[in-house]
Amino acid sequence: MSAISLRGVDIAYAGQRVVHGVSFEVGKGESFALVGESGSGKSTVLRAIAGLAPEWIGEITLLGQPGSHRPNRTLARHCQMVFQDPYGSLHPRKTVDAVLTEPLAIHGIGNRDARVERVLADVGLDRRFRFRYPHQLSGGQRQRVAIARALMLEPEVLLLDEPTSALDVSVQAEILNLLKRLRAEHGLTYLMVTHNLPVVSFLCERIGVMNKGRIVEIAPATALHDGAFSDPYSQALYAASGRE
Amino acid sequence: MSLLSVDNLQVSFPTPRGRVKVVDGVSFDLGRERLGIVGESGSGKSITGRAILRLIRPPGRVSGRLVFDGRDLAGLSERDMRKLRGARISMIMQDPRYSLNPVMTVGTQIEEALRVHERLPRHAMRARVRAMLEAVRIDDPDRVARLYPHEVSGGMGQRVMIAMMLIPRPSLLIADEPTSALDVSVQGDVLRLIDDLVRDHGMGLILISHDLPLVARYCDRIVVMNAGRILETCPAGALNTARHPYTQGLLAAVPQMPETRAELPVMERAT
Amino acid sequence: MRAWLLDESPASRRQAAAGRAYRVTLDLLHNPLTVLGGLIILALILTAMFAPWIAPESPVGQNLSNRLLPPSADHWMGTDELGRDIFSRVVYGARITLLIVALVAVIAAPVGLIVGAVSGYFGGWADRVLMGITDIFLSMPKLILALAFAAALGPGIENAIIAIAITTWPPYARIARAETLTLRNSEFIAATRLLGASHTRLIASHILPLCSSSMIIRVTLDMAGIILTAAGLGFLGLGAQPPLPEWGAMISRGRSFILDQWWVATMPGFAIIVVSLGFCFLGDGLRDVLDPKSARKS
């Protein structure tokens, strides 16, 4: 059974169809990347799987369960998302502690203090950050908090929406290392959206290239080593990201 | 003689814990060449660019000598400075969406940029705008000139910004992260465009960015900044042999296209 | 203590909250006008609390032999047409003013906040219905509407408060809706939805706290208007009834002697101006500190 499976999915935003007939499968424990330029519909696919883009038709399956058109509690236990903007994805008036306790409160899970401490340690945040507000944290630290929040409910699938594109290179390296380590430790399945091909090369095993709302090619990430893409658009994208 | 010479530039801002120097003793000379300033957020690279244009507002405080084309910028009145900005020194900002006026057509805005510095008859002005739009490789300049900023794409918007900044024919262009809001395929186009224009007009260029490999590709010389200070200056070609551990760390932290490392090297940082 | 409050790494929830409150207070104390406004409001509250000890005479006791005396050492603000000490009446009037202001804020602000947040969060038909109602109220002049309600409910201080509250909530609903619209699509709301949070939880614990600071600012700035509306209703005889020492009603009675005995109308007028100004200063200061748009980020 695959972790995520999409078959012939069309997605619309405000009546306008932006994604056409997307199909792909992500195996359990696999790390899959969707790449493409802005407007290619890659983030929309992610949001549809999470239930944040309700206007979709086709077939989405998540861990054997049919996909939902809006977020719900069962979905929340299995699948979480990390967003692009570490400044926008944390509530500005809530401490790290409040952010991390909330998922536990929603699902009525006890033993909160210990769980919060454990997740903080997991994402490499010192405990003195626990009662800080987002404005007292750096971008990288905020992104760690956002990852910690996604891990609170111990999901099997993590959707990553450009998780490092707003960060400095040295911080990006830290977060990428963290994501890689967490995946190994918890056996997570990643579906990542990005425009940065080298990041894919580091973190993912397979890559789906999107252009104008369609997947034009699915290739193993090793194609990034030698440029073995068959579709002309993927080749152009590969060439544009190349750093001679 | 150098085009711009910056000597011991310091910029400080007040915080609850006293004044903090965001730029602390930066000095460099710029000829008619392409200089890259690289650093991470908080390194003071953008503030340095703004300080050259005297765009730091109080309570920020600037000290040090800035000599542009033989004139001391600190000694100029705000009025003279306004004349200099745009006409002699131009700046391209990160995101064209915030830098263009949303209720004016693109053509009018470019004309406006020219009119402030030069008086020309109407048809000559139109011709200049047209030529400029062609120079930034916009295929259909007459149609684009009539569009509003929200009707153009990010890459097109950045080209319009470049056209607007270059039409008064400045001798120094400061580009602050000119492509970080753009898609990868467009980034190369925009940077090559800036590069060509800089060469054709014999301008000086200061390219400010966090992206070391990118800067290395489009500049002659690179200045690496961290915490308000210059750590190292080196020729762009010799970046791989950079000596400062910070520069080496920055270079190593970038994932490579054929990435085989299991873990990316991380820099020690004080929190 | 100071170090404990300003600690960058608080050790408990309580310390984090206290630290934040302390920082806001420090920022507020930076602006002299805000401090002045705060002192005026504090003085108003203290006056209302200790009115019987401050006022030298009873606010309602008549003494016809002392009619219309000018301000003097005995009667700091003079006496009115029934020989009552105006200073004592102004002091007791602080109670009524405070009551009106507090009750209106307590009724109108939450109503507006909830209506606006619900309408902005859900959008669609809920938005259309709720904002339609809001617009109906907004389209009528405030004082006239308050007048109509006060007239319909009958004169009296309680009805005046209800009438004012009914007319003040629509702008709050508009503000709350506008704020909610900008927050609704933000990533932290999306992230919390993905955790399985209910709509009630999202509105109550994520959206309302973010709207509340602009609401506090707006309500404080509106206080002056509320006091004036209350005074206006009192002036027209639809607010507090005699012999209650309501400031607006006092001006109204003093109107007949305004040319010869100026102090009768002027003294309560001063009180209204000073308290209104106090609220305005405080509101401006709060805006500088609380409003994320005008704040200098640390």
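**Exercise 1. Which residues of H1(B) are buried, and why is this helix called largely enclosed?**

Step 1: In H1(B), the buried residues are B:Lys45, B:Ser46, B:Ile47, B:Thr48, B:Gly49, B:Ala51 and B:Ile52. Here, buried is the word for a residue with 20 or more other C-beta atoms within 10 Å of its own, those atoms being placed from the backbone. Helices (H or I, at least four residues) and strands (E, at least two) are DSSP runs, numbered from the N terminus.

Step 2: Seven of the eight residues of helix H1 (residues 45–52) of chain B are buried, so the rest of the structure largely encloses this helix.

A word on the source: this is a predicted model, where local features need pLDDT of at least 70 and side-chain atom pairs count only at pLDDT 80 or more, while totals for chains, interfaces and linings use all residues. Residues are numbered from 1 along each chain as its sequence is written, and chains are lettered from A and ligands numbered from 1 in the order in which they are written.

**Exercise 2. Find the strand order of the six-stranded open sheet in chain A, and its edge strands.**

Step 1: The order is E6-E7-E8-E3-E9-E10, with mixed pairing. Two strands pair if DSSP finds at least two bridges between them.

Step 2: Strand E6 (79–82) and strand E10 (214–220) are the edges, as each pairs on one side only.

Step 3: Look inside the sheet: strands E3 (residues 31–35) and E8 (residues 189–194) of chain A pair in the parallel sense over five bridges. There, A:Phe32 stands opposite A:Leu191 of E8(A).

Terms used. A residue is buried if 20 or more other C-beta atoms lie within 10 Å of its own, exposed if 12 or fewer, and partly exposed in between; C-beta atoms are placed from the backbone.
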